[in-house]
Amino acid sequence: MNKILDIENKSGFICDMDGVIYHGNILLPGVTEFVEWLKKENKHFLFLTNSSERSPRELRQKLARMGLDVDESNFYTSALATAEFLSSQKPGCSAYVIGEPGLTNALYEKGISMNDINPDYVVVGETRTYNYDSILRAVRLVNNGAKLIGTNPDMTGPSEQGIIPACKALVAPIELSTGAFAYYLGKPNPLMMKTGIKLLGVSPEQAAIIGDRMDTDIIAGVESGIETVLVLSGVTNFHIMKKFPYRPTYIYNGVGDIIKGTPAEYDK
């Protein structure tokens with residue numbers, strides 16, 4: 001008998017977005033019912049995403065276009081975590097950024113200026129404008145002493161077209177060319193999780209984390225003392241799951257099945 005999450009006795013939920021709530025611009029089955037249940041039951045919930053492309057306001061608008069009304073305060077991104085980290089390490093620093101507006105705006109708001117000549121950091125996040133020139137500049141700047149930062153350690157991500165390269169895959173050419181090792185801020189970084197739990201407003205024992213990745217979402221929960229829920233709607237299937245030395249507490253095909261109480265069927 002596969003385990004069923006006792007959702008009534010959980011007061012807080014940390015939820016990933018890509019592969020859990022949507023693929024690209026396609027809302028996944030059961031998501032509307034799940035979000036409506038969270039709100040109806042007055043549960044604390046936080047969308048904690050490793051994506052750095054969009055700001056909380058943009059994420060709110062994206063969900064609104066899909067028919068979901070979620071307040072801006074319910075989002076926390078790896079871009080925000082990256083900006084918080086850099087501003088705490090070196091206030092007023094500068095960075096050369098390969099990424100989308102969600103990342104650059106988060107950095108600006110923390111007093112970090114853009115600099116493509118002699119920056120303190122090279123920061124890489126997901127982007128659709130990644131090109132050879134940006135790689136060459138990043139390599140030169142890192143070789144000249146800039147520290148290499150990745151917004152998250154995801155190698156791949158789900159989309160409506162299938163699996164696509166994510167942040168770590170974009171950082172890899174820079175690491176290989178310079179011999180530098182990037183520091184990654186997204187899940188499962190304890191700094192990201194500590195902030196997420198604080199924003200959620202409940203204790204780890206009262207919370208559950210829902211995600212589609214074993215190497216970020218599930219390990220983040222394991223290492224933070226939070227019960228974990230793996231959904232099979234993103235990049236992970238049973239074959240991939242069994243390669244890891246740790247297991248999620250619960251497994252569902254999608255978030256809609258969590259409120260139905262119907263876990264995924266599998267052989268342990």
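**The α5/α6 crossing**

Modeller: Helix α5 passes helix α6 in a right-handed crossing (the near helix is turned clockwise from the far one by less than a right angle; helices are DSSP runs of H or I with at least four residues, strands are E runs of at least two, both numbered from the N terminus). This is a predicted model, so local features need pLDDT of at least 70 and side-chain atom pairs pLDDT 80 or more, while totals for chains, interfaces and linings use all residues. Residues count from 1 along each chain as its sequence is written, and side-chain values use heavy atoms, without hydrogens or water.

The axes of α5 (residues 132–143) and α6 (residues 167–178) come within 9 Å and cross at roughly 45° (lines fitted to C-alpha atoms over the stretch in contact, with angles from 0 to 180 degrees between N-to-C directions). On the α5 side, I135, A138, V139, V142 and N143 meet P173, I174, S177 and T178 of α6 (heavy atoms within 4.5 Å). That contact splits into six nonpolar, three polar and no charged residues (Ala, Val, Leu, Ile, Met, Phe, Trp, Tyr, Cys and Pro are nonpolar; Asp, Glu, Lys and Arg charged; the others, Gly among them, polar).

Now the inside: the largest nonpolar core has 30 residues, with F13, F47, L63 and I210 making the most contacts within it (buried Ala, Val, Leu, Ile, Met, Phe, Trp, Tyr and Cys joined through side-chain atoms within 4.5 Å; buried is under 20% relative accessible area, 1.4 Å probe, protein chains only). Its top contributor is α1, with five residues. Apart from it lies another core of 17 residues, including I98, V122, C167 and A182.

Note on methods:
Buried means under 20% relative accessible area, exposed over 50%, partly exposed in between (1.4 Å probe, protein chains only).
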